[in-house]
Amino acid sequence: MANYYTNFSFIMNISESEKHWSERFLILSEKLVKEENYEPINVEFRDLRPADVVYEAWFYSYGDEYSSVNALSEFMKRFLVKFERDDVIVIEWANDCSKPRVDGFGGGAVVISRLGIDFINTTVWAQQMSKMVGRRLTEERAT
């Protein structure tokens, strides 16, 4: 049996009130993970006082850890809307597998703002590019 992993990491500076809200949200989401198959979010908070920004939030998934890019993206959008922040967050992720599997590798990126969430993954992009190149090759042969 193969193990599949999704790896990503990013850091964001947040205020004490934003940290408090995030912690409460994440506690609720942990209950959903256990009760309703909700996807988990991994985060650690680092105290940066006496800096202007009080905390650094490190969102991550690596190795045997599992965290969902989708769940994290929805959380971050809610966070940005709640605190009326104009940040644009970019998360790049890598998919990996413990064994050589055709579907076990790839990745993608997501751009998150309070206005929305936009994803691209390498599998979809590669399929689109393959079709486009195939059409161009067919057109070239026809001429």
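Predicted model: local features only at pLDDT ≥ 70, side-chain atom pairs only at ≥ 80, totals over all residues.

Trainee: In what sense do S5 and S6 pair, and over how many bridges?

Mentor: Two strands pair if DSSP finds at least two bridges between them. S5 and S6 (residues 116–121) are antiparallel, with six bridges, and they make a hairpin with two residues between them. On S4 (residues 89–97), S5 (residues 106–113) pairs in the antiparallel sense over seven bridges. Ile 91 stands opposite Val 110 of S5.

Trainee: How many helices and strands does the protein have?

Mentor: Elements are DSSP runs numbered from the N terminus: helices are H or I of at least four residues, strands E of at least two. The protein has three helices and six strands, in the order β-α-β-β-α-β-β-β-α from the N terminus on.

Trainee: What does the radius of gyration say about the overall shape?

Mentor: The radius is taken over C-alpha atoms, and the globule rule is 2.2 Å times the number of residues to the power 0.38. A compact globule of 143 residues would come near 15 Å, but the protein has 19 Å. Along the principal axes, its C-alpha atoms fill a box of roughly 65 × 40 × 30 Å.

Trainee: What share of the residues is buried?

Mentor: Buried means under 20% relative accessible area, exposed over 50%, and partly exposed in between (1.4 Å probe, protein chains only). Buried residues make up 33% of the 143. One of the buried residues is Thr 6, at 18%, in strand S1 (residues 4–14). The side chains of Thr 6 and Asn 95 are joined by a polar contact of 3.4 Å; such a contact is a pair of N or O atoms within 3.5 Å, where within protein one must be able to donate a hydrogen and the other to accept it, and residues adjacent in sequence count only if both atoms are side-chain atoms.

Trainee: Which residues of H2 are buried?

Mentor: An α-helix has 3.6 residues a turn, so residues three or four places apart point the same way. In H2 the buried residues are Val 69, Ala 71, Leu 72, Ser 73, Phe 75, Met 76, Phe 79 and Leu 80. At the start of H2, a side-chain oxygen of Ser 68 comes to within 3.1 Å of the backbone nitrogen of Asn 70. After H2 comes Glu 84, with a positive phi near 50°.

Trainee: How many aromatic pairs are there?

Mentor: Rings of Phe, Tyr and Trp (its six-membered ring) pair if their centres lie within 6.5 Å; planes under 30 degrees apart are stacked, over 60 edge-to-face, the rest tilted. The whole structure holds 11 such pairs. Trp 21 and Phe 75 are stacked, 5.9 Å centre to centre with 15° between the planes. Trp 21 is in helix H1 (residues 16–36) and Phe 75 in helix H2 (residues 69–82), so this pair ties together parts 54 residues apart in sequence. Both Trp 21 and Phe 75 are buried.

Notes:
Residues numbered from 1 in each chain as written. Heavy atoms only, no water.
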